[in-house]
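Take your time with it, and keep it open as you read.

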Amino acid sequence: MATRIRASFQQLLAFASLLALVVFFSVASENFYQAGNLSNILLSTVVTGLLALGTTFVIITGGIDLSIGTGMTLCSVMTAWFMTQLGLPMILGVLAGVAFGALIGSVNGFFVAVLKIPSFIATLAMMMVAAGLALVISGTKPIYTNEVPGFQKIFALGKSIPGLVIPNAVFILFAAAIIAGLILSKTVLGRYTYSIGSNEQATALSGVNVTKWTVLIYTLAGSFTGLAGVIATARLNSAQPAGGMGLELQAIAAVVIGGTSLQGGKGSIIGTVIGALIMSVLTNGLTLMSIPQEWQQVAVGVVIILAVYLDMMRRKKTAK
Amino acid sequence: MATRIRASFQQLLAFASLLALVVFFSVASENFYQAGNLSNILLSTVVTGLLALGTTFVIITGGIDLSIGTGMTLCSVMTAWFMTQLGLPMILGVLAGVAFGALIGSVNGFFVAVLKIPSFIATLAMMMVAAGLALVISGTKPIYTNEVPGFQKIFALGKSIPGLVIPNAVFILFAAAIIAGLILSKTVLGRYTYSIGSNEQATALSGVNVTKWTVLIYTLAGSFTGLAGVIATARLNSAQPAGGMGLELQAIAAVVIGGTSLQGGKGSIIGTVIGALIMSVLTNGLTLMSIPQEWQQVAVGVVIILAVYLDMMRRKKTAK
Amino acid sequence: DTPAATQDAAAGKKPYIAIVSKGFQHQFWQSVKQGAENAAKEFNVDISFEGPDKETNVSQQMDQLNNAMAKNPQALALAALDSKAAEGVLQEAKGKNIPVIAFDSGVDSTVPVATASTDNKAAAAEAAKHMAELLGNKGDIAIIGHSQTATSGTDRRDGFVDYLKKNAPDIKVVDIQYADGDQAKSTDAAKAIMTAYPNLAGVYGTNEGAAIGVVNAVKEAGKSGKLIIVGFDSGKAQMDAIKEGLMSGAVTQNPVGIGYETVKAAVAAIKGEKVEKVIDTGFYWYDKANIADPKIAANLYE
Amino acid sequence: MSNHLLRMSGVNKSFPGVKALSEMQLDLGYNEVLALVGENGAGKSTLMKLLSGIYVPDSGKFEIDGEEVAIAGTKHAQELGISIIHQEFNLMQDLTVAQNIYIGREPRLGGMFLSERRLNRKAAFLFEKINIDLDPKARVGDLTVAKQQMVEIAKALSYKSRILIMDEPTAALNDAEVATLHDLIRNFTSEKTGVIYISHRMDELKAISNRISVIRDGEYIDTVNTAETSMAEVINLMVGREISGNQRPEAIPHTSDVVLKVTGLCTKDLLDNVSFELRKGEILGFAGLMGAGRTEVARAIVGADRISSGSIELNGSPVTIGNPAIAANLGLGYLSEDRKHLGLMLERDVKDNIALSSLKMFSRMGVLDNRAMKATATEYIDKLRIKTPSSAQAAKNLSGGNQQKIVIAKWLVKDCDVLIFDEPTRGIDVGAKEEIYTLLNDLAAQGKSIIMISSELPEVLRLSHRIAVMCEGRLTGFLSNAEANQANIMALATQSTEDATASNRASAQR
Ligand SMILES: Nc1ncnc2c1ncn2[C@@H]1O[C@H](COP(=O)(O)OP(=O)(O)OP(=O)(O)O)[C@@H](O)[C@H]1O
Ligand SMILES: Nc1ncnc2c1ncn2[C@@H]1O[C@H](COP(=O)(O)OP(=O)(O)OP(=O)(O)O)[C@@H](O)[C@H]1O
Ligand SMILES: [Mg+2]
Ligand SMILES: [Mg+2]
């Protein structure tokens, strides 16, 4: 009980960081605290947020996933390819996109768990392979999906709830976050995610098939990458085969700002969501304040340090 | 003794990987194994190689340094700025450039050792700050150094050894590697690098001032980043303020291919040098074979996995 | 008067124009920004200028577009990385009566009231024309590109290659490598190509970084003067190389002019004045002979 | 000059939810070995960590040679002449033995440069002086737990300290090594020095200590002169009740089914043709010197290490066990000797640790039943008397012995038919040991089969129906409980290869 209260207190405080930023920007720029802009912020969180959800699992196991950025790009290309070249109906195309992400994840998992290659290097290699394959498969050209009726509307920009300016993509992110949260806290897979991150050897000696579960965890993480690819495609109505590189660092930053430890064994989905929001509030707010872009980069760096440091200080206090 | 033999055997085998690549490309492309091209390969290794040297120390402590890519860019800008705006004589400019790298490193070290921020996140933030500052300081314009007499010749392209086509930058890399190797294996700082990476807590309990030494180690690593910035400036006769991002991953890949463990506690400079050479031989060879670039990325990814996997298999065998 | 402008007049503030470009770090975009700022001062308007970190980052540009719209601009200027992806925001702007000005390679849409751009393909063809002349219409050449996906990269490649195919079929493009416009990477790639094709007669670099990379490569390989090099854009290093004869010449667009014309058109649109649908900011071939020509020099940046 | 080398009084220390020490007092005389005993979680390690500068006391007075000192940190403690062997290892696995011992005090070639040669020579000299068999150049990570313990001991002795604290140094040592350690201690103590010695092995207190201080639940109980006090009295002071039981088990009838049959087990490194049978309801003790290969047998059986040849039959049918998960599925559990690295998730709570092996039991279709997990954890906290504020306490905050109980609980919850316990009572106090013995006996009585590896011969004799003895990777003999005693076990445990080949040759000639 005590720990639960303490844990939620911590998240409350991470949330406080986010609120502080929101209040600051609301004062600094009149355009910030407006329905339309808040919905922009949420929308710009979706892809990084989805990537961060998946990678939260990987990081809790003590691993890291550098392949999510270009992996997302590859999934985006594959989704568009499935729909337009292969002619799959929309919903099948979406599922195939997610499944392709899961496939990438399972390959990562295989390298890490079966071949015992450090996750940093396995996913770094996958990052390059995915970047290359996205260009190869697309023929280095965007694949457009505007011929797929309803795709953009349903999976990105449509506003299903009347009266609310929030687009569907945002709801998909929140639904995914809830599912991820439940998996992490309520299922065997979630528990093993923490166990493996806490002490992999002890977990293995306790009779847990660490290899199998690690592959599964990476596969799950990959399916979030796949979903991110689908949403990115829907939003742009096209798969953009270049790019994606760098997104992984943003996603990882979101996860860490959210209080998940890179040492493994600790972390939460709600933290990750807050972390992702902090990142996009920051970018949005600084832009609205018309800060020159080079200074924005500096500011984001400084805020990351501050957020993580304050979070650590609070933890220490609550732990005392 | 036995361990030493085993260690050098391992490096022999990593070296064999490199040789295998060289042989392959020599067969695949008649232009590969030619003095001029080999010197090209060496020259293209210099900057990543220098970055990899510094980051080897950080990785052996169990940390990671993501700031080396854009940090190098910032050092390059500062070097050019010192020489042209501040009008420092060349040699002082070079020293100031290296010192600036050390400063960046010491800030990283401060965050990691004093504030206890995980190195991944501290250096990620520094990566962004450095990228922004490079643009700010340069006014987003390249700073040219062709007015500095001898700079390019002495620190990059001049060929000091008659009859050899190898440019000075390459000798600087090898000199730096030798110094790094000596520091790592023969000095107290090197010993504590391994010790902190093996068990930071135990090292601290043994009365070693872990905070101080960690800051020093990051500072040392930063000075290699500074040197890389100097050489990059000399080679291009200008500081290019954009870019540098992504270089850190190449450098880390080189370190890991060279057998240094991301868990910390293990690693060697000779391995890093071989790792860096493997990366540049690969890029050069694939380009000579006119492999389309998207396939090159795929190939590099695959080779990284293979190299690390084979290295691990061999280790297992020799360890037995 | 558009409603947006009326609102603004009531608030007693300068009109505000949001500019979303394709990049911000590179010289070219900084020159566009410079031109825009010049115009902003001249016409007494506020502007903001923003672009993604990389020309491949379409979704970052979408976020920047959204952010720009959140600032309720009186006009929006856009150099779209992907026109179709931007269509939604363009429609939103249209719905809110915010005039849109397209710039650089333009926006493939009916929404923009004006386009201030250069035809990248035509400019590349101009470079190809000079390359062909200098080579006597035969020989092997290579291209160092700056992007295999961004339209500026593909247009400058395709315009060049297509011209040669049509007009100088004996010139063979033996290899194309891309190096993100990074000088060091471009240098290494060009050196490798020169090694693989020892008889290479010419190299074309598709932007400033690529062109300088080629120049460096030739210098480092000790082949100065043995290859024909043509480039794109300007910058001090490239201009020096041309003056020294290392490079035969390059095509420059008019980035300052693009920025200036864009803002000028936006101001006109805000006032409800008629603007020209297409504002061709032009491109120029420059070489050792005409580099000092004031008409040319005005389009070059250091 | 004071007649106390070290004296502390009025010491208090609290952790969140735990009052670890209250008004604690202790004094150590010159030329004295003071034993400090108490149940698991009594506060012994905490007190020593205060003394060595790792924790800061809430309040309390510390005097050395009668002068009050405030210990500001680990380095300061070293400067004050206090050195400590922690209950848990503090070694750098990737460094060599010599590098570990002299970390922070490396011989230098002037300035920053190291002299590896002088370092190794210095270490070799130290080992010779204190008569420990260690290779200065061996990588610590390659050593067994026992050897690592020796490294810790050598390291502590290498400081020219006056107060030496040893927190359960013998938990991982067998009797021969314990004897060596006692010699070291006797050599160390002098008119200027003293030793605080923490142990749960009552038998050795008599041999080594001058006085015994007893603490219970963070409070000081009493200090007695060793020579004048019986161990029963000490135990009584410690646990506040009588500990009964010294009965020895009967052999299991040969008619009982063979549950586990291991034939010709070999590993690349060490094991050589290990064959044995384990019957239903049997406790088979494994005895042997450090490095004899008992742990390796266990790891090989559960698939944690690769075997080069040999076969395993479970309930009469041959099985291939590629990893511990397969073993667990077959009802074969292994409790590791190294709880910190191989047993516990230190950052996770008690409940998660206890449930780790049995999540299947606590879940339906992959969804966990947290309430059931908590109930079970609470049940075992009571049953094993694990001292913790709640089942939600992080494992790292528990005392060493209580951590060990968690690992045991983990395997008790998982309903295995064959359990391999490797040093199960390492760091567990006498009272709790009895409880664990009772549990093991109960399990055997229920028809479970148990392999118990232990370096404490009394424990092996106390529990095992049968005893297998190993030496240098081979099984050198089996003894029934009735015929076994310390002498014949030691004889088999030291029957090295030469003896064996000699006797084999002899028997072949016969
Ligand atoms: N860092 C900590 N945080 C919270 N509680 C702690 C911490 N360290 C120790 N404790 C608690 O303090 C009490 C005393 O622990 P200590 O380790 O001193 O026991 P011990 O006498 O050494 O036991 P053992 O014989 O099992 O080693 C225990 O209840 C333990 O759970
Ligand atoms: N991680 C390791 N790396 C290399 N050798 C090891 C390792 N662990 C154990 N050994 C070696 O294997 C042999 C057997 O060790 P094992 O731990 O099985 O012995 P044991 O009988 O259980 O003794 P102990 O009482 O030390 O646990 C020893 O010679 C030891 O040096
Ligand atoms: Mg203890
Ligand atoms: Mg053992």
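The report below looks at a metal site and then at a ligand site.

## A predicted model

Before we start, keep in mind that this is a predicted model.

## The magnesium site

Let us begin with the magnesium ion, which is ligand 3. Two residues coordinate the ion: D:Ser45 through its OG atom and D:Gln87 through its OE1 atom, at 1.9 to 2.1 Å. D:Ser45 belongs to helix 1 (residues 44–51) of chain D, while D:Gln87 sits in the loop between strand 6 (82–85) and helix 3 (97–101) of chain D, so the pair ties together parts that are 42 residues apart in sequence.

Are these two residues buried or exposed? Both D:Ser45 and D:Gln87 are buried.

## Around ligand 2

Now turn to ligand 2, which has 14 residues around it. The closest are D:Gly291, D:Gly293, D:Arg294, D:Thr295 and D:Glu337. By type, the shell divides into four nonpolar, six polar and four charged residues.

Some side chains here make polar contacts with oxygen atoms of ligand 2. For D:Arg294, an N or O atom of the side chain is 2.5 Å from a ligand oxygen. D:Thr295 has a polar side-chain atom 2.5 Å from an oxygen of ligand 2, and for D:Glu337 the distance is 2.8 Å. On its own, ligand 2 has 630 Å² of accessible area, and the protein covers 69% of that.

Where does ligand 2 lie? Its shell takes residues from both domain 1 (6–239) and domain 2 (256–331 + 418–510) of chain D, so ligand 2 lies between them.

Methods
Residues numbered from 1 in each chain as written. Chains lettered and ligands numbered in written order. Predicted model: local features only at pLDDT ≥ 70, side-chain atom pairs only at ≥ 80, totals over all residues. Heavy atoms only, no water. Donors = N, O, S within 2.8 Å, 3.2 Å for Na, K, Ca; no water. Helix = DSSP H or I, 4+ residues; strand = E, 2+ residues; numbered from the N terminus. Buried < 20%, exposed > 50% of the residue type's maximum accessible area, 1.4 Å probe, protein only. Near = heavy atom within 4 Å. Polar contact = N/O pair within 3.5 Å; in protein donor to acceptor, adjacent residues only side chain to side chain. Areas by Shrake-Rupley, 256 points an atom, 1.4 Å probe, with all protein chains shown as cover. Nonpolar A, V, L, I, M, F, W, Y, C, P; charged D, E, K, R; others polar. Domains from an automatic or database assignment.
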